[in-house]
Amino acid sequence: MGKSVGTASQERQGNSNMTTDHAEKSEDVKILHSMGYAQELARRMSGFSNFAISFSIICILAGGITSFPLAMGTGSGFEATIGWVIGGLFALVVAASLGQIGSAYPTAGGLYHWSSILGGRGWGWATAWINLLGLIFVVASVNVGVYLLFSGLVAGPILGLDTSTWGFWQQTTAVVIITVTQGLFNHLGIKTTTMLTDFSGYLILVVAVVLTLTFLIWGAHGFDLSRLTTFVNTTGDAGGGYVPTARTALVAFLIGLLYPLYTITGFDASAHTAEETHNARTAVPRGMIHAVLWSLVFGFVMAVSFVLASPDLVATAKDGGNAWFNLFNNLPAPTWLKDLLGICIVLANYLCALAGLTSTSRMIFAFSRDGGLPGSSLWKQVSPTWRTPVPAIWLGVVLSIAATLYSPAFAALAAGCALFLYVSYAMPVAAGLLAEGKTWTEFGPFRLGVWSKPFAIVTVLGVLVLMYAGIQPPFDILINYAIGLIILLVVLWFGIESRRFKGPPVGADIARRAAEIAAAEKAVGQTAS
């Protein structure tokens, strides 16, 4: 009898969960329809998966390692730890500001869509191009990082290969192979991608903890905490020329903030996958904020372990781009442990860029369905078999590979990623600052309340500072990108796009799209919910 009652209770609970899931899905689709878009992508991501894709792109095992020399080459241990906290707290403010907007408008277009609604179609169009460039730099920089980490942690120490002669062509070949395989995983559906990014979320946490303990157990030298609080200007020769010429302490500190801000970026992936996430209005802001928060916490502890493990901070700074590799390779830890960590770090970086490609492809898809890109009729297509934006995925592959051909230096790619993404983050936030309480009256369940406008002001001012830091040597190649992009956007907008580009549907346009929405959903086998 007890067994029958238990079974019946479990069945009722299962039916209740199914009803709740269906209700959430129906509400998600209803909200999407109300903004004039069809449910073409498969809505299969849970709240954890939405968090995991942003956490995977942030990946403290990527920028937290590959950009460590930047911290040591600007402000030594202080920049790596206290600078990390300052940059991380700023990222948290930005994520909260974006989360409030994402809660109101949960679409794959994310930043572009928000800027269009809050600041006008021209502002949204410019946001889209800047965000797209930043996302391309994410995939490009991380995949160059995968190559550098593989050659430094696996090819030499584990496989015994001589990497001393490896250069541009080896890097380019590796990046092509890496990016194409990531394109294939994305092509095969959000279920495959979600499984990999969910795994990546756990992998990052476990490896970060083990790596931290390894540095503390086999490397720490007396736990001298003054190393964490003493700023030493290491620009120029003192930092191995990572920042080629000596700068003032203030400028050194600002350039060093690119260490945390390059790492803690890409969290807009939670927004770009909103149309594939259940209960998106709640899950998207939560995914972004939690991804930034836990990256801030675990990344700080990990950076502390690196600084404490240095036998000599002066010598570590002078190692320049090899600073972290020299620390790790000289640890007297068991070889098997270091080999395992090396393989896991490379894998985490690979999955980081895979998640970045997912985000990039959704941005391309969303912008194209509103006619924003040349060839939009192709890039907006969704495969009825895989329910993924296949053409957009492969365009993202090609563009990210191309970015590494012009900027083979990792430092420039990393700075470009941080610079262009944070500028694109500030644009909808700035528009929201001016529109809140006026034209922006529709909000989601996540609200900042009295903190909304102060957070927006901090976001805008902080990004202006970042823009200055992001074009300082050795990142001055980005000036060419920035000038070229500004000229291109001005010419295109006033020459063609201001008359052609209509932006996201608004008002009566949404109602007129009803037939198109039904046809688009039928084409991919989506039934009405």
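Predicted model: local features only at pLDDT ≥ 70, side-chain atom pairs only at ≥ 80, totals over all residues.
Local features were taken at pLDDT of at least 70 and side-chain atom pairs only at pLDDT 80 or more, whereas totals for chains, interfaces and linings use all residues. Residues are numbered from 1 along each chain as its sequence is written, and side-chain values use heavy atoms, with hydrogens and water left out.

A pocket is here an open set of points, on a 1 Å grid over the protein atoms alone, where a 1.4 Å probe fits, with protein on both sides within 12 Å along at least five of seven lines; lining residues have an atom within 4 Å of a point. Of the 23 lining residues, Arg369, Asp370, Lys380, Arg513 and Glu516 are the closest to the centre of the pocket. Two or more residues each come from helix H16 (335-369), helix H17 (376-379), helix H22 (508-512) and helix H23 (514-523), where helices are DSSP runs (H or I, at least four residues) numbered from the N terminus. H23 gives the most, with three residues. The lining is made up of ten charged, seven polar and six nonpolar residues; Asp, Glu, Lys and Arg count as charged, Ala, Val, Leu, Ile, Met, Phe, Trp, Tyr, Cys and Pro as nonpolar, and the others, Gly among them, as polar.

Six salt bridges were counted, each defined by a side-chain nitrogen of Lys or Arg within 4 Å of a carboxyl oxygen of Asp or Glu. One of them joins Arg513 and Asp370, with an N to O distance of 3.6 Å. This pair links distant parts of the chain, 143 residues apart: Arg513 lies in the loop between H22 and H23, and Asp370 in the loop between H16 and H17. Both Arg513 and Asp370 are buried (under 20% relative accessible area, with exposed over 50% and partly exposed in between; 1.4 Å probe, protein chains only). Another salt bridge joins Asp28 and Arg43 at 3.9 Å, N to O. Asp28 is in helix H1 (residues 2-34) and Arg43 in the loop between H1 and helix H2 (47-66), 15 residues apart; Asp28 and Arg43 are likewise buried. In the salt bridge of Arg500 with Glu497, the closest N and O atoms are 2.7 Å apart. Arg500 and Glu497 lie in helix H21 (residues 477-500), three residues or about one turn of the helix apart. Arg500 is partly exposed, because its relative accessible area is 40%, while Glu497 counts as buried at 9%.

The structure holds zero disulfides, a disulfide being a pair of cysteine sulfur atoms within 2.5 Å. For Cys352, the nearest cysteine sulfur is that of Cys59, 4.6 Å away. For Cys417, the nearest is that of Cys352, at 8.7 Å. Cys352 has 0% relative accessibility and therefore counts as buried; Cys417 is buried as well, with a relative accessible area of 1%.

Leaving aside residues up to four places away in sequence, Pro260 touches Gly83, Trp84, Gly87 and Gly88, contact meaning heavy atoms within 4.5 Å. Between Pro260 and His278, 18 residues apart in sequence, the C-alpha to C-alpha distance is 30 Å.
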